[in-house]
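Good morning, and thank you for making time on the agenda.

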Amino acid sequence: MTDSVALQVDNLRKYFQVGKRQTLKAVDDVSFTVNKGEVLGIVGESGCGKTTLGRTVARLYEPTSGKILFNGKDITTKPDAELLWFRKKLQMIFQDPYASLDPRMTVGEIIAEPMDIHNLASGSERHEKINYLLSIVGLNPEHANRFPHEFSGGQRQRIGIARALAVDPEFIIADEPISSLDVSIQAQIVNLLTRLQEERGLSFMFIAHDLSMVRHFSHRVAVMYLGKVVEIAPSGQIHASPLHPYTKALMSANPIPDPVVEGSRTRISLPGEVPSPINPPPGCRFAGRCPHAHGRCTEEDPVLKEVEKGHRVSCFLY
Amino acid sequence: MEQTITDQELSKAAGKPLLSIEDLQVSFHTYAGEVHAVRGVTYSVEQGGSLAVVGESGCGKTVTVQAVMGLTPMPPGEIKGGRIIFDGKNLLTLSEKQMQSVRGKDIGMIFQDPMTGLNPTMTVGRQIAEAIVKHQNLSRREATERAVEMLSLVEIPNPGVRAYQYPHEFSGGMRQRAMIAIALACEPLLLIADEPTTSLDVTIQSQILELLQSLQDRLGMTIVLITHNLGVVARLSRNIVVMYAGKVVESGSSSDIFYNSAHPYTQALLQSVPRLDRPSRMELASIPGTPPDLFQPPAGCAFAPRCKYAMKVCIEHDAQPTVVGDGHYVSCWLHHKANPNPLTQKLQNGGSYQ
C-alpha cells in the first residue's frame with residue numbers, strides 16, 4: 001500500500017438480520033480505494049447500499065466482515081474510544097439539511113461542537129474559527145447566533161459543510177448532499193464543494209443517485225447495484241465507454257437537458273425493478289434484468305476485474 | 001379510447017387552446033401574512049399539445065394547476081383573480097358539483113408522491129373503478145373489467161391479479177403506473193402530471209416517461225407536465241413555460257427555451273445543471289442568492305436581485321411579456337421595446353451553449 005492511498009476498503013460486507021432467518025445483504029463484498037485528494041463518486045439507485053457503504057466506512061455501522069484501512073491503519077474493529085483520531089480526520093455531510101442540524105443549538109454551537117470534542121480551540125480563537133468557517137462556506141459571522149430554522153435548505157447545507165470542516169478533516173463522506181435542494185442551489189453547493197476540495201486537497205466519497213452530478217464532481221465513479229460495485233472507472237470513461245449492462249442502462253435513462261440530443265438517443269430500457277436485497281439469488285445480482293444474461297450469470301458470481309487501466313467491471317461479458 | 005377525439009373535433013380544435021389560464025392570482029392567508037403564491041400567471045395548451053411548466057420549489061407551478069383542478073385549499077387559499085378557460089368554460093365560476101363532473105372525467109391528474117396518492121385501504125382495481133362508476137354509468141362489474149384493461153394499458157404485468165391487490169403490494173414505479181391508470185380511466189381530454197417521476201429512480205423514471213410518451217402518441221392526449229427536471233422536459237414536451245416567484249418569466253417552444261432562451265433566469269437554470277455529455281468538474285453557472293419571499297413580493301422583476309444583467313428599471317418596475325419570436329414570450333426589460341439599447345447580440349444560449 002502506497003502513501004497516496006487515503007482509504008482502502010477490502011471485501012467489506014454489511015449484513016442486517018431481518019426477521020428470524022432472513023439476511024439483508026446491504027453491502028456485499030465491496031473493495032475499492034480512494035487516493036489522497038481524490039473524489040470517488042458512488043452512484044446507484046435507492047436500495048443499492050450506497051448509504052450503508054458510506055456509513056460503514058465511517059464506522060457508524062459495525063462492518064459484518066472485511067477490512068477498512070484509513071491512512072494505512074486498520075480501523076475495522078477498533079472500539080469507539082480508539083477512533084477519536086479517525087473521526088477527526090474523516091467527517092460526514094448528510095443528505096437532509098433539516099434533520100441533521102440540532103434545532104435547539106445556534107449555528108455557532110453546531111459548528112463549534114466538533115472543535116470542542118477534539119479540544120481544538122477555545123475562547124477568542126474558537127470564536128474566530130467559527131467566523132472563518134462561516135465565511136468560507138459563504139455565510140456571515142452574524143449567522144452564528146441564529147438557529148437552524150431561520151435558514152433555507154441551501155444555507156443549512158452550508159452549515160453542515162462548515163461543521164464538517166471544523167476539525168480540518170482530510171476525508172469527507174458526503175451522502176446525497178444536494179439531492180434535497182433546488183437546481184440553482186445545487187450548483188452553488190457543488191461549486192463550493194469543488195472549490196474546498198481543490199483548495200484543501202480533500203479526499204471525498206461522494207454518494208448520490210444523480211448520475212450527472214456524480215460524474216461532474218468525481219474523479220472516479222463506482223456504480224453500485226444491490227450491494228455490489230459492478231463497475232468502477234475514471235469519470236470520463238464511465239460516460240464515454242460504460243461496460244457493464246447496468247451502467248449502460250443507467251446512463252441512457254438519465255435524461256439530458258437538450259431536446260435534440262434527447263430525441264436522437266437510443267435508450268436501453270430495463271425491464272422490471274431492482275429485486276429485494278433480502279436473500280438474493282446466487283449469481284450476478286443483475287442477471288434478472290440484464291438483456292445479455294446467459295446460463296453462467298445465474299450460477300456464478302462475477303468478480304470485479306480490470307479490463308482497462310483503472311477501469312474495472314464485474315461482468316462475464318468482459 | 002382512440003375514438004374519444006374524432007378527426008372532426010380535432011380539426012375544429014386545431015390551434016385552439018384546450019386550456020387557457022389568464023392572469024391567475026392565488027394567495028394564501030397565513031398567520032405570518034398573505035403569501036402571494038401565484039401573481040398573474042397566463043399560459044395555454046392546445047388540444048393534443050404537450051406543455052411543461054418548469055420552475056423551482058415555491059414558484060407557484062403546483063398552486064396554478066391546483067386551481068385548475070379546483071383543489072386549492074380554501075381557506076387558507078384564495079383565488080384573487082383571473083380566469084381558467086377549459087373547453088370553453090371558465091372553471092373558476094363552476095359550482096363544486098359542476099366541478100366534480102370535470103375533475104377526474106375531463107381532466108385527470110397524477111400527483112407527485114405515489115406512496116400517498118393512493119388509498120391504502122382499497123384494492124388498486126377498485127380505486128380505478130371508483131372513477132369509472134362515478135363518471136361513466138357502468139356497473140361495478142363492467143367497471144372492474146375496465147380497471148383491468150387500464151392496468152394493462154399502463155403496462156402492469158398480470159393486470160387481472162394486480163387489480164385485486166392493495167397499494168402496499170406495489171412498488172413505487174408500479175404505484176405511479178396505477179395512479180396514471182386512475183387518471184386515464186375516464187379518458188380525460190387533459191392530463192396534468194405534477195412531478196410524476198420526482199420520487200422515482202432514474203431507470204424507473206425512464207420507464208414512466210416512455211409510458212407517458214406512448215400514451216400521448218396513441219391517445220392524442222393533451223399533457224401538462226410540471227417538473228423541475230430539465231432533462232425530463234427535453235424528452236417529453238413540445239412547449240415550455242418557465243415560472244419564477246409566482247410569475248411566468250418565459251414561454252415558447254422547446255427549442256426556443258433550450259437553444260434560444262431570452263430570460264436570464266432560464267439561461268442560468270440551463271447552465272446550472274451538469275450534463276453527462278459535457279466535461280466534468282467545469283464550474284457550474286450557479287445563481288447567487290435565493291428566490292424572494294412571496295409575503296412581500298418585490299415591486300420590480302422578482303429575479304432582479306439575482307440577475308447579472310439587472311438595471312435600475314428592473315428593480316422599480318416589473319416587465320411585461322414581450323414577443324421575441326413566433327410564440328416565444330419573455331418578461332424581461334432587456335428585450336422590451338422601450339429599452340433604448342435592445343440586445344442586438346443574443347444572450348448566451350442555454351441548451352447548447354459552450
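Let me start with confidence, expressed as pLDDT, the predictor's confidence in each residue on a scale from 0 to 100. This is a predicted model, in which local features need pLDDT of at least 70 and side-chain atom pairs count only at pLDDT 80 or more, while totals for chains, interfaces and linings use all residues. Residues are numbered from 1 along each chain as its sequence is written, and chains are lettered from A and ligands numbered from 1 in the order in which they are written.

For the complex, the predictor reports an ipTM of 0.81 and a pTM of 0.84. Chain A has an average pLDDT of 90, with 99% of the residues scoring at least 70. I shall refer to helices (H or I, at least four residues) and strands (E, at least two), which are DSSP runs numbered from the N terminus. Within chain A, the lowest confidence falls in α10(A), with a mean of 85, and the highest in strand β3 (residues 39–43), with 95.

Chain B averages 84, and 92% of the residues score at least 70.

I turn to the strands, where two strands pair if DSSP finds at least two bridges between them. In chain A, β1 (residues 5–18) and β2 (residues 22–35) run antiparallel and are joined by ten bridges. Val9(A) faces Phe32(A) in β2(A). The two strands form a hairpin with three residues between them, and Gly19(A) in the turn has a positive phi of about 65°.

In chain B, which strands make up the open sheet of four? The order is β2-β1-β4-β5 (chain B), with antiparallel pairing. The edge strands, each pairing on one side only, are β2 and β5 (89–90) of chain B. Eleven bridges link β1 (residues 17–30) of chain B to β2 (residues 33–46) of chain B, and the hairpin between them passes through two residues. Phe28(B) stands opposite Val35(B) in β2(B). On β4 (residues 77–86) of chain B, β1(B) pairs over eight bridges in the antiparallel sense, and Ser27(B) has Glu78(B) as its bridge partner there. Helix α2 (residues 61–69) of chain B packs on this sheet, touching β1, β2 and β4 of chain B, and its direction makes about 110° with that of β1(B). Such angles run from 0 to 180 degrees between N-to-C directions, and axes are lines fitted to C-alpha atoms, for helices over the stretch in contact.

Next, the interface: 37 residues of chain A are in contact with 40 residues of chain B. On the side of chain A that touches chain B, α6(A) gives the most, with seven residues.

Finally, is Ala262(B) buried or exposed? Ala262(B) is buried (20 or more other C-beta atoms within 10 Å of its own, C-beta atoms being placed from the backbone), because 25 other C-beta atoms lie within 10 Å. Ala262(B) sits in the loop between α10 (254–259) and α11 (264–271) of chain B. Its C-alpha atom is separated by 9.0 Å from that of Ser331(B), 69 residues apart along the chain.

Definitions and conventions: Buried ≥ 20, exposed ≤ 12 C-beta atoms within 10 Å, placed from the backbone. Contact = placed C-beta atoms within 7 Å.
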